[in-house]
Amino acid sequence: MSTRVALFVTCVVDQLFPRTGMAMAEVLERLGCRVEFPEDQTCCGQPAYNSGWMDEAREVAQRFVRVFEGYEYVVAPSGSCVSMVKNHYPELLGADPFGGRVFEFSQFLTDVLRVEDVGARFAHSVTYHDACHSLRELHIKAGPRRLLANVRGLELREMEPPEECCGFGGTFSVKFPHVSQAMGATKAESIQRTGAEYVASADPSCLMNIDGALRRLGAATRTIHLAEILASR
Amino acid sequence: MQYESQQILNVLNDAPLQQKLYGATARNQAKRRNVIPPAFQPEFQKLREAARDIKRHTLDYLDYYLEQAEAQVTAHGGHVFWARDAAEATSYVLDVMRRRGARLLVKSKSMTTEEIHLNDRLEDAGLEAVETDLGEFIIQLNRERPYHIVTPALHKDRYDVADIFERTLGVGREEVPEKQTLIARRILREKFLAAGVGVSGANFVVAETGTVVIVENEGNARLSSSAPPVHIAVAGIEKLVPRLADLGVFLNILARSATGQALSIYTSMLSGPRREGEIDGPEEFHLILLDNGRSRVLAGRERRETLQCIRCGACLNHCPVFRKIGGHVYPGTYSGPIGAILTPQLSGPQEAPWLPFASSLCGACAEVCPVKIDIPKLLLSLRAEIVESAKDEKASWAEKLAFRFYAWLMKHPRLFDMAGEAGTAVLPLLGLPGREGQSFRRQWRQRSQA
């Protein structure tokens with residue numbers, strides 16, 4: 001029996017990076033999952049939550065729960081949004097509606113489907129950015145690297161330092177644009193030093209921010225979501 | 001609300017300062033990493049948990065342990081003074097100096113005495129206070145406040161120090177750090193011998209023995225607490241630990257987290273004045289237990305863990321925001337992530353409402369905190385409080401409208417989709433990369449219908 005998976009593509013991927021969502025669906029289907037997209041989904045509520053607007057965050061979160069509560073697994077291409085649902089909903093809603101059923105995409109592959117080789121081919125050099133919420137709130141570090149190591153033709157180059165924030169931080173980048181950009185510049189420089197053609201991550205917002213920082217730096221490195229690499233053949 | 005002040009922009013635009021700041025914090029990070037090698041990680045994580053548990057327990061029963069400490073210090077012939085605030089604490093120090101006829105006070109490094117502005121208060125009274133920690137000495141000469149909890153002169157390199165020494169001490173220009181140290185040493189040695197009172201902070205106060213514990217690397221704290229005839233230790237009430245044995249946990253994590261050492265060079269344990277038959281130590285010993293807002297923090301159970309802090313400064317070294325904006329833009333005494341949660345609680349969140357928002361919530365601080373304070377969680381809690389208290393004010397209307405609209409839009413998927421279409425159509429006009437093709441939901445619908 002195939003695993004039934006609800007895609008939570010996140011508001012950012014839905015509207016800005018649809019290719020990431022399609023790639024995620026493709027990989028999951030290739031691995032035998034029955035993929036569904038609950039059309040009533042929008043956002044997890046994190047922008048309001050992180051900005052201190054708890055009532056607004058709660059309204060959006062309650063809605064999220066109604067849309068997704070019937071599914072066995074919920075998978076998203078963003079560690080940050082997953083952490084919001086997994087780690088912060090219990091505090092915000094006073095209950096843990098999903099228990100362990102919400103997964104960041106790479107973690108779903110490695111920990112639930114127990115797959116490390118998805119049969120992808122991507123003949124490029126890649127450096128991997130540990131998105132902060134994936135790394136520190138979901139403890140994802142080795143999984144994406146194991147997935148990348150099994151991609152044919154791919155050369156993984158670690159950046160130094162590897163675990164520094166890219167400076168996005170949601171509304172932080174709006175409230176402190178210059179501090180955010182300075183952090184982004186530091187990140188872009190450490191990416192550029194690897195000489196890699198691509199920087200990959202499991203968080204579209206970080207990638208969006210890093211893309212801007214790389215452009216400002218005039219670097220040739222391009223951003224790509226992990227799902228898109230894993231969907232390549 | 002003013003978030004990004006001119007002061008912040010000035011720091012960002014100061015290229016040499018940026019380099020010093022990023023370089024020094026990177027070195028501090030590397031030192032910490034080297035002294036917590038992978039093989040030691042499992043034990044280190046257990047030590048963190050033990051430290052958190054001990055602090056949690058102590059804070060839950062703080063009244064008991066404070067009285068126990070007071071009884072012990074008194075039994076050893078020392079004096080304990082309970083200071084409600086900065087004014088009471090500094091007045092007590094002034095009274096002791098007047099009674100002893102002392103005009104000069106030597107001080108070892110202490111953030112708590114920074115917090116009560118002891119030096120300023122003494123200066124106003126026509127008395128002299130000399131900082132004896134090398135970093136603090138440099139900062140005092142330049143009339144600045146500490147840039148960093150542990151490395152107060154983090155933003156100064158040896159050339160800056162050469163400038164400061166030349167200008168303020170009337171010595172020839174000296175750019176070699178070792179020789180700069182000798183200059184400071186010569187001056188400070190005379191101060192130690194002439195001082196009527198020595199003041200220190202306290203890294204820990206052991207309740208069962210009434211022992212004040214001070215860790216340091218330069219020997220200046222030991223001299224400050226033993227050479228002058230009077231010693232006064234100023235400790236925040238959260239510095240208590242129940243037992244001497246607990247130091248086995250805390251000494252193991254403090255220096256590793258702070259300076260990347262397995263142990264500090266000096267660990268001094270002070271238990272009252274000189275006793276009969278002893279050849280050194282002060283004639284008088286005073287312990288000031290300072291509240292200054294701490295009992296208010298203690299009362300708010302949700303944020304009580306803030307008081308677990310042992311002032312190691314690791315969160316500063318690892319904070320990507322601190323590493324860009326530096327220590328002087330933070331209001332209050334404590335900079336970096338710990339300052340961002342402590343200052344609003346000590347002085348009220350409305351003093352600097354931007355402070356808890358100056359974080360990308362990356363979590364690096366909590367990851368390294370040796371007593372496991374969940375700083376991001378506390379930042380979020382403070383943000384919510386600030387928003388809640390100001391949401392109906394005029395200054396908040398735009399943000400309020402934005403988040404009301406956001407919540408409304410996110411409850412209406414079709415309108416969200418339409419807004420997305422409109423929004424993404426505008427992106428190229430703003431010079432931003434546009435979206436490739438249609439939104440995910442539209443592509444998915446087409447795929448399902450095909």
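1. In α10(B), the buried residues are B:Gln180, B:Ile183, B:Ala184, B:Leu188 and B:Phe192. Buried here means under 20% relative accessible area, exposed means over 50%, and partly exposed is in between (1.4 Å probe, protein chains only). These buried residues pack against β2, β3, α8, α9 and α11 of chain B, where contact means heavy atoms within 4.5 Å.

2. A quick word on what you're looking at: this is a predicted model, in which local features need pLDDT of at least 70 and side-chain atom pairs count only at pLDDT 80 or more, while totals for chains, interfaces and linings use all residues. Residues are numbered from 1 along each chain as its sequence is written, chains are lettered from A and ligands numbered from 1 in the order in which they are written, and side-chain values use heavy atoms, leaving out hydrogens and water.

3. (The expected span is 1.5 Å times one less than the number of residues.)

4. Next, α9(B), with twelve residues: from first C-alpha to last it reaches 15 Å, close to the expected 16 Å. Its buried residues are B:Asp160, B:Val161, B:Ala162, B:Ile164 and B:Phe165, and they pack against α2, α8 and α10 of chain B.

5. Have a look at both ends of α9(B) too. At the start, a side-chain oxygen of B:Asp157 comes to within 3.1 Å of the backbone nitrogen of B:Tyr159. Just after the helix, B:Gly170 has a positive phi of about 65°.

6. Now find B:Glu284, which sits in strand β10 (residues 284–290) of chain B. Is B:Glu284 buried or exposed? It counts as buried because its relative accessibility is 13%. Its side chain makes a polar contact with the side chain of B:Arg100 at 2.8 Å. (A polar contact is a pair of N or O atoms within 3.5 Å; within protein, one must be able to donate a hydrogen and the other to accept it, and residues adjacent in sequence count only if both atoms are side-chain atoms.) Leaving aside neighbours within four places in sequence, the residues in contact with B:Glu284 include B:Val96, B:Pro229 and B:His231.

Notes. Helix = DSSP H or I, 4+ residues; strand = E, 2+ residues; numbered from the N terminus.
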